[in-house]
Amino acid sequence: MVSVIIPTYNRAGTLIRSVQSVTGQSYSDWELIIVDDGSTDNTKELLEPLLRQDVRLRYIGCPENKGQAAARNTGIQAAQGAYIAFQDSDDVWVPDKLQKQVAMMEAHPEYGLIYGQMVYDDGGVLSVPYPPQDAGEWAFEECLKNNLISTQTMLVSRAVFDSIGLFDTSMSALEDYELALRITKNYPVGFLSEPVVVAYKSADSVSRDLGKHLISNCILLKKYEKDFKAGHLWENKIASLREIARSYDVVEDLEDIFSVLNIL
């Protein structure tokens, strides 16, 4: 069975679409765990008819908002499946995502995860699928260069979490990237060279919070400092962060973060 986890926070307007992209999968052996991360809108009321209709749907209400990493961890801890998949509350899976990924995982039980491509829908205009190509079974070095594995495209063996741990809740952004690095460093992975997720851009997207990203990027640099340096990527990563900081006039803030984390 696949345990699908959707963390959500005040996304009543898009959540049902995401849920229906899970319930409409051609693969039917799944449970869907919706972790409501302290929503103050009518999320629970909207979900109630779906919860009554399908016993495979489960709702976990959290008393306060703690962020996506904590919400996903709550879902993982409640999951009963041998595989774990993640969906976001404003995106859509293609109908055969789980079927194809489970088939690949069962053919390659040594894989820690299976991932696929994602396309962005920006007002009806679809982006080029990303990532453009397979990074190979041992993808860690390529993932250090670029964030290749989106959480919504993942199918992960439950045994992986039992071995390497859950999402890092010290990171308020990029926790999905850090998890992908941890998995690809320890396990071979499989790739579906086709879009499995349509992501919709929104003005309140978590990924657009500059402060969270700068801090999380620095935490990531520190955690994988030896690997970035071994791959001759360290200086480029530092330069890239400084360029971002200059463009948003937050250079002093970034240097303070470097100092606190003992970077450089």
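Biologist: Which element gives the most to the lining of the second largest pocket?

Modeller: That's α8, with six residues. A pocket here is an open set of points on a 1 Å grid over the protein atoms alone, where a 1.4 Å probe fits, with protein on both sides within 12 Å along at least five of seven lines; lining residues have an atom within 4 Å of a point. Keep in mind that this is a predicted model, where local features need pLDDT of at least 70, side-chain atom pairs need 80 or more, and totals for chains, interfaces and linings use all residues. Numbering starts from 1 along each chain as its sequence is written, and side-chain values use heavy atoms, without hydrogens or water.

Biologist: OK, how much space lies in that second largest pocket?

Modeller: About 440 Å³. Its lining has 15 residues, and L174, H213, N217, L241 and I244 are the closest to the centre.

Biologist: New topic. Where does E31 sit, and is E31 buried or exposed?

Modeller: E31 is in strand β2, which covers residues 30-36. With a relative accessible area of 5%, E31 is buried (that means under 20%, while exposed is over 50%, using a 1.4 Å probe and protein chains only).

Biologist: Which side chains make a polar contact with the E31 side chain?

Modeller: One is S3, at 2.5 Å. R58 is another, and its side chain is joined to that of E31 by a polar contact of 2.8 Å. A polar contact is an N or O pair within 3.5 Å, with one atom able to donate a hydrogen and the other to accept it.

Biologist: And which residues does E31 touch beyond four places away in sequence?

Modeller: S3 and R58 are in that set, and so are M1, V2, V4, R56, A78, A79, Q80 and G81. Touching means heavy atoms within 4.5 Å.

Biologist: What kind of peptide bond joins Y130 and P131?

Modeller: A cis one, with omega about -5°. P131 is in the loop between β7 (125-126) and α5 (140-145). Most peptide bonds are trans, and most residues other than glycine have a negative phi.

Biologist: So what is phi at H232 and D249?

Modeller: H232 has a positive phi near 55°, and D249 has a positive one near 60°. H232 lies in the loop between α9 (225-230) and α10. D249 lies in the loop between α10 and α11 (251-260).

Biologist: Are those two buried or exposed?

Modeller: H232 counts as exposed because its relative accessibility is 70%. D249 counts as exposed too, at 69%.

Methods. Helices (H or I, at least four residues) and strands (E, at least two) are DSSP runs, numbered from the N terminus. Grid points are joined across faces, edges and corners, and a volume is the space filled by probe spheres set on the points.
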